[in-house]
Amino acid sequence: MPDRKFFMTRDGVRIAYAEHGSGPPLVYVRGWLSHLDLLWEREGYRTFIETLSTRFRVVRFDMRGNGVSDRDVSNLSIKVLVAELEDLLNHLGLDRVILWGSSFGGPIAMRFASLYPEKVERLILDGTYARGSAITQPVRRFLLVNALRFFPEMGFLLLSNATHPDPRRSAQRTLEIGTQMVNPKVGARLYRLAFRVDVSKFLSAIQAPTLVLHAMRSRSVPARLGQDVAAQIAGASFVGLDSDQQNLWEGDLKRLFMAVSPFLGVPLTINPAEVSLSHIREPQPVPEEPFLFLCYSHLDASELGDIVRKLQQQGFPSWIDSSISPGAVWREQIARAVEACDVFLLFASKHSLASPYCIQEVNFAVDENRSILVVYLEDVELPRSLRMSLSSRQAIHMRDYSRAIFEEKLIQGVRGLMSRSRPSQ
């Protein structure tokens, strides 16, 4: 993942952003909830941004109150958020951009395009609206805002279920991710703002060619609101996608890019060779046969794909967290898998050692006296909390060997630990 960068807005708020690829600038205005690092761990989002970056210089950022930007902010309004977007463009020296406004970032992108037509070459809007009060009934707006303020577990779960319907979702996991993205009280203020925003009177001033996309079965923002936006912008096109995923990158990316490519005038094709651990995961949460527990960061997925395949070819099934069965409790399934695994593989990198989830898994494996093999993907130092408990454990450093010898050493290490864990009868 490209390094985070920062700039200061005119009112003294520190904003985090990241850049990908090269070419004409495309600024992605996500809105909220947002977190540069956590979103990047999601395979669909990462593929979405990386595909765009094959043709464009993609800039994404965390709005104030979100992610790794300043979280404790007092100044929140559509005017301030539009100014923040302008400050980002000025900081980067961008005079004219393609603007992509998604969900609650849409009204900000629309208002910016109406104010600065000379700065917006093309405008893409997805899953968005012009008048927030039309999103849902007043009582539902009231309940969501106050759930975030006083009962964040429920608030984040409601938001998550509306955005990405999934019966496997864990309330605890949703709360952990949500609070990493935004302070619940700030989130409540942002959603109150979202429901109060009305940029409909400015749509006629938008001059940029505009494409409006919407998931037709979205439970977060009704598709009719996207259709209304397209109807009020001169020459705008509307494309409805057969999906219930509010975030279009969580749905069918191939169809998404088929809709976007003609509008942008360039082919956007997902790389079929892209490594994805989802294609090599075992279906059972806890296999009966000997298996490996893989502890890793999703940011290292491309590095691990070939390694895991090699291990499986040698007869070592692997378990990772997305093997959790529908309806399962996330923590319970992971704990059960760690308890039952024959060998715990920690793929150590700057990403995995910065992840509180990976650290929790390692500590639990130590407590359960699992056989642990530390595989260093790069030169990193273990956190102080792990140095003592892992100092006597076997370790392999990828940098010390050629790829072929490294894989041989890894297989030998796994086989040795596996034989000690389950000696032949």
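This is a chat about the packing inside a predicted model.

User: Hi! Which residues have the most contacts inside the largest nonpolar core?

Analyst: Hello! Those are Val27, Trp32, Phe48 and Leu99, in a core of 87 residues. Keep in mind that the model is predicted.

User: What does leucine 99 touch, leaving out residues up to four places away in sequence?

Analyst: Leucine 99 is in contact with Val27, Val29, Leu85, Ala109, Phe112, Val120, Arg122, Leu123 and Ile124.

User: And what does the second, separate core include?

Analyst: That core has 23 residues, among them Leu294, Leu304, Leu311 and Ile411.

User: Okay, switching to aromatics. How many aromatic pairs does the structure hold?

Analyst: There are 12. One of them joins tyrosine 45 and tryptophan 249.

User: How are the rings of tyrosine 45 and tryptophan 249 arranged, stacked or edge-to-face?

Analyst: Edge-to-face, because their planes stand at 75 degrees and the cut-off for that class is over 60. The ring centres of tyrosine 45 and tryptophan 249 are 5.1 Å apart.

User: Where do tyrosine 45 and tryptophan 249 lie?

Analyst: Tyrosine 45 belongs to helix α2 (residues 43-52), while tryptophan 249 is in the loop between β8 and α10 (253-264). The pair therefore ties together parts that are 204 residues apart in sequence.

User: Is tyrosine 45 buried or exposed? And what about tryptophan 249?

Analyst: Tyrosine 45 is buried, at 2% relative accessible area, and tryptophan 249 is buried too, at 3%.

User: Back to phenylalanine 48: what are the distance and angle between its ring and that of tryptophan 100?

Analyst: The centres of phenylalanine 48 and tryptophan 100 are 5.2 Å apart and the planes are at 80 degrees, so this pair is edge-to-face. Phenylalanine 48 sits in helix α2 and tryptophan 100 in strand β5 (residues 97-102), 52 residues apart. Phenylalanine 48 is buried at 2% relative accessible area, and tryptophan 100 is buried at 1%.

User: Which residues form the aromatic cluster?

Analyst: Tyr28, Tyr45, Phe48, Trp100, Trp249 and Phe257 form one cluster.

User: What sits over the ring of phenylalanine 263?

Analyst: The charged end of arginine 122 does, 5.0 Å from the ring centre. Arginine 14 likewise lies over the face of phenylalanine 6, at 3.6 Å from the ring centre.

User: Last topic, helix α9: which residues are buried there?

Analyst: In α9 (residues 223-232), the buried ones are Ala223, Leu225, Gly226, Val229 and Ala230. Viewed down the axis of α9, they fall within an arc of 160 degrees, so they line one face of the helix.

User: What covers the buried residues of α9?

Analyst: The cover includes α4 (106-115), β6 (120-126), β7 (210-215) and β8 (237-241).

Note on methods:
Residues numbered from 1 in each chain as written. Predicted model: local features only at pLDDT ≥ 70, side-chain atom pairs only at ≥ 80, totals over all residues. Heavy atoms only, no water. Buried < 20%, exposed > 50% of the residue type's maximum accessible area, 1.4 Å probe, protein only. Helix = DSSP H or I, 4+ residues; strand = E, 2+ residues; numbered from the N terminus. Arc of directions from axis to C-beta. Contact = heavy atoms within 4.5 Å. Core = buried A, V, L, I, M, F, W, Y, C linked by side-chain atoms within 4.5 Å. Phe/Tyr/Trp six-rings, centres within 6.5 Å; stacked < 30°, edge-to-face > 60°. Lys NZ or Arg CZ within 6 Å of the ring centre and 35° of its normal.
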